[in-house]
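Trainee: I'd like to learn how to read a model like this one, feature by feature. Could you take me through it?

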Amino acid sequence: MRKEQKDQLIDSLCEEIKAFPHIYITDIGGLNSVQTSKLRRAAFRNEVKLEVVKNKLLIKAMEKSGIDYSELFPCIKGETAIMLANTNNAPAKLIKSFRANEKNCPKPVLKGAYVEECFYVGEEHLEALVHIKSKNELIADVVALLQSPAKNVISALQGAGNTICGVLETLSEKAE
């Protein structure tokens, strides 16, 4: 590959990295063609961009992106694929569900991730990444918390009204 072609690949990879706030570095080597196709389809359905990259080109693109990804550089060895997403936990959920659906398949393996401006290096962080809440999930939690006191007051008022009506009804029946 000529230097001009490498520079174009680095530039396009850099633009893709800048376009997505969450990056997962994985190893999908050893998957057969059927499994790779399933993984790519699942990634497309979950709005995750999956791309196999050359290690040196990825490192150069990360250096050029303007964010210091140096903590992830030791992870970029062997066969490397990146998963790019706008939702912070989508790639982690994809990895976990793919492994569960594919019998006896330990791949894809999480090498490292850059999620919510934090670095996660190693497979042991997959479970933590799965349970990180996305922005929409956090907003829904806040809305539910804000609505909770109002719902409690309304249910208490409705419950008290029903209780008073029940007591009055019982008293009126006893008077007869």
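Trainee: Is Ser70 buried, partly exposed or exposed, and why?

Mentor: Go by relative accessible area: under 20% is buried, over 50% is exposed, and partly exposed is in between, using a 1.4 Å probe and protein chains only. Ser70 has 34% relative accessibility, so Ser70 counts as partly exposed. This is a predicted model, where local features need pLDDT of at least 70, side-chain atom pairs count only at pLDDT 80 or more, and totals for chains, interfaces and linings use all residues. Residues are numbered from 1 along each chain as its sequence is written, and side-chain values use heavy atoms, with hydrogens and water left out.

Trainee: Where does Ser70 sit in the fold?

Mentor: Helices (H or I, at least four residues) and strands (E, at least two) are DSSP runs, numbered from the N terminus. Ser70 is in the loop between H3 and strand S3 (80–85). Overall, the protein has 6 helices and 5 strands, in the order α-β-α-β-α-β-α-β-β-α-α from the N terminus.

Trainee: How many salt bridges are there?

Mentor: Side chains of opposite charge can pair when their charged atoms come close. The rule here is a side-chain nitrogen of Lys or Arg within 4 Å of a carboxyl oxygen of Asp or Glu, and the count comes to 10. One of them joins Lys96 and Glu127, with the closest N and O atoms 2.7 Å apart. That pair links distant parts of the chain, since Lys96 is in helix H4 (residues 90–101) and Glu127 in helix H5 (residues 126–131), 31 residues apart.

Trainee: What does the salt bridge between Arg99 and Glu123 tie together?

Mentor: Their side chains meet at 2.5 Å, N to O. Arg99 lies in helix H4 and Glu123 in the loop between strand S5 (118–121) and H5, so the pair ties together parts that are 24 residues apart in sequence. Arg99 is partly exposed at 22% relative accessibility, and Glu123 is partly exposed too, at 27%.

Trainee: And how many disulfides does a search of the whole structure find?

Mentor: A disulfide is a pair of cysteine sulfur atoms within 2.5 Å, and the search finds 0. As for the cysteines themselves, Cys14 counts as buried because its relative accessibility is 3%, while Cys118 is partly exposed at 37%.
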